[in-house]
Amino acid sequence: MKARITVLPGDGVGPEVTSEAVACLASVAERFGHQFTFQEALIGGAAVDATGDPLPEATLDLCRSADAVLLGAVGGPAWDGHARDQRPESGLLRLRKGLGLFANLRPVTVHPALEDASPLKAEVVRGTDLMFVRELSGGLYFGEPRSYSDQAAVNTLPYTRAEIERVARVAFELAGSRRRNLVSVDKANVLETSRLWRQVVNDLAPSYPEVKVQHHYVDSFAMALITRPRDFDVVLTENLFGDILSDEAAVLAGSLGMLPSASLGGSVGLYEPIHGSAPDIAGQDVANPIGTILSAAMLLRHALNLKDEALALEQAVHRVVKAGHGTGDLRGGAKYIHGTRFMGARIREAIRPPRATAPRLVDSAYSFCGSPEGHRSQL
Ligand code: NAD
C-alpha cells in the first residue's frame, strides 16, 4: 500500500518523539512491503517563529491532502505571553476544527510490567482497559462569546443536539465492539449543556440495546476513575471534562508519556500523544516516545486500515516494556532506563509481522489500544 503521512513535530519534545514514531512507521512499511511517504510541516511555536502564524495555510493544505496526520505537541514558555491567536495551542485547536475532527479516542491501558510505575496501588490499576471518547470541536474551548479584561472574563459552554449525537454514536459503537459498557460523564445537576448531553445519550440508547449506559457526574467520576478504574469500559464526555479526566487517567498507566490518541470524524485523522511539549525535559533525549509510537499504531489501524501492522507495532512496544525497558518517567516500573532514541530503536528491532496462526503474541487479556478491531468503518 502507498500512503502519504503529514508529520507535524511541533515544539518541545514533539520533534524527538515524532522522529521515533516516524522511524517505527518506516520499519513497519519495510517489514510489510508498504510505501509510506512522510512530509513535514510547521505547527505551533515553531510555526509562529517562522511565519507568524501557529497554523500556516500551507500546513493545513498538506494535512488535508494526506492520508493521515501525525503530530508531536505544541507550546512552551517562549510563546506564553503571545495574544491568543498567536499562541501555539490555538494552531492545534484550528487544525482540529479545520479537519472536522470531533471525536478524540484516548485508550488507557495498564501494562502488566508497569503496575508499579503508578503511584496508585498495583491491585487498583491492574487490568485497567478504558477508552475515552472526548468531544473535540465544541464546548468551552470554542464557545462564543468570549472576552477578557482585567476586571471580568467570559467563556461559554454551548453544545447542539447534533454535536452531542455524532460523538455519542462513536462511543456507543465502540462500546458495542468492546465490553458493552458506556459511562457518560456530565454535570447535569448544575449545567444546562449537561442536561442536554444526558438527554441525547438517553435518546440514543434504545438504538444500541446491547450497550449498558450509566451516567456519572464529573466530580464523583474523577474519584471513581482512580479508585475503581476496572469498572469502566468506554467513557464518553465533553471537551473540557475529557481533557482533564484523560490526563488524570494517565496516572493509572504510570506516565503521561505512555498514552496515544486518535482524533476522528473528518476525512483525515490526526494522531498524537496526549501529553504536551514537556519543555522541562525537551532536547535531553529523555522523553518517553511510546505515546507517539502507539499513536502511530492507531494511525495504521484507523487511517490506513492496516490491522496486522498496527498489532505488530503494539506487540513490539509490549515486548520491549515486558522485558523491563523504559524511559525515566517509568522509573519504579521499568528495570532498565534508557533515552528516547534508544527506546525507539529497541521498539523498531522488536517489530515483526504477526504469525499467521495462534498463539497470539499479545497476552489475551491485554492490548495497548483497546479493542484490536478498527473502528474506521463506524466513522
Ligand atoms: P506536559 O504534558 O507537556 O507535561 C506535564 C509533565 O509530564 C511534565 O513534567 C513533563 O516532563 C511530563 N511529560 C510529558 N510528556 C512526557 C513524555 N513523553 N515523557 C516523559 N515525561 C513527559 O504538560 P504541561 O507542562 O502542562 O504543558 C507544557 C506545554 O505543552 C504548554 O505550553 C501546554 O500548553 C502544551 N500542551 C500541549 C498539548 C498538545 O500539544 N496536545 C497538550 C497539553 C499541553
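Leu300 sits in helix H10. Helices here are DSSP runs of H or I with at least four residues, strands are runs of E with at least two, and both are numbered from the N terminus. Leu300 is buried, because its relative accessible area is 0%. Buried means under 20% relative accessible area, exposed means over 50%, and partly exposed lies in between (1.4 Å probe, protein chains only).

This is a predicted model, where local features need pLDDT of at least 70, side-chain atom pairs count only at pLDDT 80 or more, and totals for chains, interfaces and linings use all residues. Residues are numbered from 1 along each chain as its sequence is written, and side-chain values use heavy atoms, with hydrogens and water left out.

**Around Leu300**

- Leu300 touches Leu25, Val28, Phe36, Asn305, Leu306, Glu309, Ala310 and Leu313, leaving aside residues up to four places away in sequence. A contact means heavy atoms within 4.5 Å.
- Ile244 is 56 residues from Leu300 along the chain, and their C-alpha atoms are separated by 27 Å.

**The whole protein**

- The protein has 12 helices and 14 strands.
- The C-alpha trace spans about 55 × 50 × 40 Å along its principal axes.
- Of the 379 residues, 55% are buried.
- Take the contacts between residues at least 6 apart in sequence: 77% of them join residues at least 24 apart.
- The accessible surface comes to about 15,200 Å², and carbon and sulfur atoms hold 51% of it. Areas come from the Shrake-Rupley method with a 1.4 Å probe; for residues, only the protein chains shown count as cover.
- There are 39 positive and 44 negative charges, and their mean positions are 6 Å apart. Lys and Arg count as positive, Asp and Glu as negative, while His and the chain ends are not counted. Each charge is placed at NZ of Lys, CZ of Arg, CG of Asp or CD of Glu.

- The expected span is 1.5 Å times one less than the number of residues.
- H9 is mostly covered, with 11 of its 15 residues buried. Among them are Leu240, Phe241, Leu245, Ala249 and Leu252.
- Gly254 follows H9 and has a positive phi, near 100 degrees.
- Helix H11 has 16 residues (307-322) and reaches 22 Å from first C-alpha to last, close to the 22 Å expected at 1.5 Å a residue.
- In H11, 13 of the 16 residues are buried, so the helix is largely enclosed by the rest of the structure.
- Just after H11, Gly324 takes a positive phi of about 100 degrees.

**A buried strand residue**

- Val108 lies in strand S4, residues 103-109. Val108 counts as buried because its relative accessibility is 1%.
- Leu130 is 22 residues from Val108 in sequence, yet their C-alpha atoms are 5.0 Å apart.
- Not counting residues up to four places away in sequence, Val108 touches Thr128, Asp129, Leu130, Phe132, Ala249, Leu252 and Leu259. Ala249 and Leu252 are also among the buried residues of H9.

- Most residues other than glycine have a negative phi, and most peptide bonds are trans.
- A cis peptide bond joins Glu144 and Pro145, with omega about 5 degrees. Pro145 is in the loop between strands S5 (129-135) and S6 (147-148).
- Arg180 is not a glycine, but its phi is positive, near 60 degrees. Arg180 lies in the loop between helix H6 (161-177) and strand S8 (181-186). Arg180 is partly exposed, at 44% relative accessibility.
- Asn305 is not a glycine either, and has a positive phi of about 60 degrees. Asn305 is in the loop between H10 (290-303) and H11. Its relative accessible area is 40%, so Asn305 is partly exposed.

**An exposed loop residue**

- Lys335 is in the loop between strands S13 (325-326) and S14 (336-337). Lys335 is exposed, with a relative accessible area of 64%.
- Val110 is 225 residues from Lys335 along the chain, and their C-alpha atoms are separated by 16 Å.
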